[in-house]
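Hello,

Here is the structure I promised to pass on to you. Please open it beside this message, and the notes below will walk you through what turned up.

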Amino acid sequence: IVYEGKNLVSSVSVESGLVVQELSFSGNRVVSSKVLLEAVGIEIGTPMILVDLHDALQMLTRVGWVDSAQVTRQWPNKISIKVVEKVPVAIWETPEGPLFIDAKGEVFGDKYMGMFSDLPVLRGAGAGRRFPELRGVLERSPLIGLEFVGATLLGKRRWDIKMTEGLIVRLPEDEMERALILFSNHQKRDYLALVGLAVVDY
């Protein structure tokens with residue numbers, strides 16, 4: 001009976017022209033519309049009323065780069081798909097290969113690496129999960145004339161941060177922010193004294 005009901009709905013929809021004729025995508029800057037289309041599995045010609053919006057949404061959120069999404073009907077014949085992509089803030093080098101890390105320290109994939117070659121690179125076990133704390137410290141203690149390019153978490157306890165010019169700043173396990181502020185103050189007072197140094201230990 002259910003099968004016959006769907007056939008009836010399908011027939012009426014086709015006769016009335018209420019079938020999917022267009023799928024529009026917005027919000028995707030990294031993931032291609034083709035990838036999203038394959039994920040939702042909605043085909044041109046499907047009766048609009050039979051499109052399972054919940055199922056399409058579930059399939060979209062399985063795409064690694066999709067943080068959230070909306071799937072809506074726009075009568076008479078259009079399905080609108082809006083996505084919010086995740087934003088990578090660092091690349092974490094792991095034994096399995098490089099992975100993207102978002103602002104929450106969560107891993108979300110390894111595709112499209114070539115588009116984000118300027119991101120800082122993290123190394124060390126647990127570095128991805130611990131990075132939001134370090135990122136917050138760096139944002140509150142801006143450095144003049146140097147750029148943060150990467151960091152290594154040692155023993156899951158403390159960071160060595162790498163700056164431009166090859167300079168490495170060794171931060172302590174405790175009072176990391178105080179140490180970085182101290183370094184920042186030293187840098188502001190006598191930046192030229194840092195030129196040629198390989199390591200600054202706090």
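Let me begin with helix α2. Its buried residues pack against β1 (22-26), α3 (53-60), β2 (66-74) and β3 (78-85). Before going on, please note that this is a predicted model, in which local features need pLDDT of at least 70 and side-chain atom pairs count only at pLDDT 80 or more, while totals for chains, interfaces and linings use all residues. Residues are numbered from 1 along each chain as its sequence is written, and side-chain values use heavy atoms, with hydrogens and water left out.

Helices (H or I, at least four residues) and strands (E, at least two) are DSSP runs, numbered from the N terminus. Buried means under 20% relative accessible area, exposed over 50%, and partly exposed in between (1.4 Å probe, protein chains only). Contact, touching and packing all refer to heavy atoms within 4.5 Å.

Helix α2 covers residues 33-40, and Leu-36, Ala-39 and Val-40 are buried in it. These three cover an arc of only 90° around the axis, which puts them on the same side of α2; the arc is that of the directions from the helix axis to the C-beta atoms. On the face turned away from that buried side you will find the exposed residues Lys-34 and Glu-38. Just after the helix comes Gly-41, with a positive phi of about 70°.

Two nonpolar cores

A nonpolar core here is a set of buried Ala, Val, Leu, Ile, Met, Phe, Trp, Tyr and Cys residues joined through side-chain atoms within 4.5 Å. The largest one has 27 residues, and those with the most contacts inside it are Ile-42, Ile-79, Ile-81 and Phe-100. The elements that give it two or more residues are β1, α2, α3, β2 and β3. Apart from this core lies another, of 26 residues, among them Trp-92, Leu-146, Trp-159 and Phe-183.

Ser-24 lies in strand β1 and is buried, with a relative accessible area of 18%. With the sequence neighbours up to four places away again left out, Ser-24 touches Lys-78, Ile-79, Ser-80 and Ile-81.

The β2-β3 hairpin

Strands β2 and β3 pair in the antiparallel sense over eight bridges; two strands count as paired if DSSP finds at least two bridges between them. A hairpin of three residues joins β2 to β3, and Gln-74 has Lys-78 in β3 as its bridge partner. In the loop between the two strands sits Pro-76, and a cis peptide bond with omega of about 15° joins Trp-75 to Pro-76.

Further along β3 is Lys-82, which is partly exposed at a relative accessible area of 43%. Beyond its neighbours within four places in sequence, Lys-82 is in contact with Ser-26, Ser-68, Ala-69 and Gln-70.

What is the span of helix α4 (residues 127-140)? Its end C-alpha atoms are 20 Å apart, which agrees with the 20 Å that its 14 residues should span at 1.5 Å a residue; the expected span is 1.5 Å times one less than the number of residues. There is also a kink of about 30° centred on Glu-133, where the bend at a residue is the angle between axes fitted to the seven residues ending there and the seven starting there. Among the buried residues of α4 are Phe-131, Leu-134 and Val-137, and what covers its buried residues includes β4 (90-94), β5, β6, β7, β8 and α5 (176-189).

Strands β6 and β7 run parallel, joined by three bridges, and β7 pairs with β8 in the antiparallel sense over six bridges. Thr-152 takes part on both sides: Thr-152 in β7 is the bridge partner of Arg-123, and Thr-152 stands opposite Asp-160 in β8.

Positive phi values

In the three-residue hairpin of β7 and β8, Gly-155 takes a positive phi near 60°. Lys-156, in the loop between these strands, also has a positive phi near 60° though it is a residue other than glycine, and it counts as exposed at 54% relative accessibility. Tyr-112 is not a glycine either, yet has a positive phi of about 70°; this residue lies in the loop between β5 (97-101) and β6 (121-123).

Enjoy exploring it!
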